[in-house]
Amino acid sequence: MTFFRLLSEQAYGERARMLAMASLGGVASALFFATINEMAAKPEAGDVPSLVKLGLLILLYVTCTRHSTSWMAAQIEAILHQIKLRVAQRIARTDLETLEQVRAAEICDRITENTSFISTRAGTIASMLGAVFLVGFALIYIAALSAPAFVLVSVLCGSGALIFLTLPRKFVPQFQKIA
């Protein structure tokens, strides 16, 4: 079972709320871009109501992003806790001879190490989800402005994703050291 499937099952009851908050954040960012574009196109449109609208959009985006990130981090922590409990139950059901061959302490150390690694990345995973919605709604906004620009940005985003996904895994540790 993949991590994202576990996350989906864990968040079953609140999945719609989470997607709504992430979508609302994406819409707010697209409207923010539209307002900036409108103000740049017509400097006389930079009046007080436009600035208030801009401020409210920023506040909406920050609120939605913050809520989505904290919710996602809590869900990831709950999933990791469930994984630890499942493994502990399996270890408890295993006979002693098999357990001594595998060394239970080593199993527990590795589980703790791996879940700690994921736990420290919970915020990054949540930010990634927000970024997906942000890019999605920004692409919709760009498509509304210009079809050629939409195609160009889509090709660039797709190429970047393709390069990242097909990047040889031997380079990943080197990139992580650099980052």
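A: Helix α6 (residues 122-145) and helix α7 (residues 147-166) pack with their axes 7 Å apart, at an angle of about 150°. Two packed helices are described by the angle between their axes and the distance between the axes. Here the axes are lines fitted to C-alpha atoms, for helices over the stretch in contact, and angles run from 0 to 180 degrees between N-to-C directions. Angles under 35 degrees count as roughly parallel, over 145 as roughly antiparallel, 65 to 115 as roughly perpendicular and the rest as oblique; α6 and α7 are therefore roughly antiparallel to each other. On the α6 side, V135, L139, I142 and A143 meet A147, A149, F150, V153, S154 and C157 of α7, where contact means heavy atoms within 4.5 Å.

This is a predicted model: local features need pLDDT of at least 70, side-chain atom pairs count only at pLDDT 80 or more, and totals for chains, interfaces and linings use all residues. Residues are numbered from 1 along each chain as its sequence is written, and side-chain values use heavy atoms, with hydrogens and water left out.

The chain as a whole has eight helices and zero strands; helices (H or I, at least four residues) and strands (E, at least two) are DSSP runs, numbered from the N terminus. Of its 179 residues, 21% are buried, where buried means under 20% relative accessible area, exposed over 50%, and partly exposed in between (1.4 Å probe, protein chains only). Among contacts between residues at least 6 apart in sequence, 73% join residues at least 24 apart.

L57 is found in α3 and is buried, with a relative accessible area of 10%. Leaving out residues up to four places away in sequence, L57 touches A28, L31, F32 and T35. L57 and F32 are 25 residues apart in sequence, and their C-alpha atoms are 6.0 Å apart in space.

V52 also has its place in helix α3 (residues 48-93), but V52 is partly exposed at a relative accessible area of 45%. Together with V48, L56 and L59, V52 forms a nonpolar patch on the surface, with about 390 Å² of accessible area in total.

Finally, E14 has its place in the loop between α1 (3-10) and α2 (15-41). E14 counts as partly exposed, at 32% relative accessibility. E14 and W71 are 57 residues apart in sequence and 9.6 Å apart in space, C-alpha to C-alpha.

Notes:
Patch = residues over 30% accessible without salt bridge, like charges linked within 9 Å, V, L, I, M, F, W, Y side chains within 5 Å. Areas by Shrake-Rupley, 256 points an atom, 1.4 Å probe, with all protein chains shown as cover. Salt bridge = Lys/Arg side-chain N within 4 Å of Asp/Glu carboxyl O.
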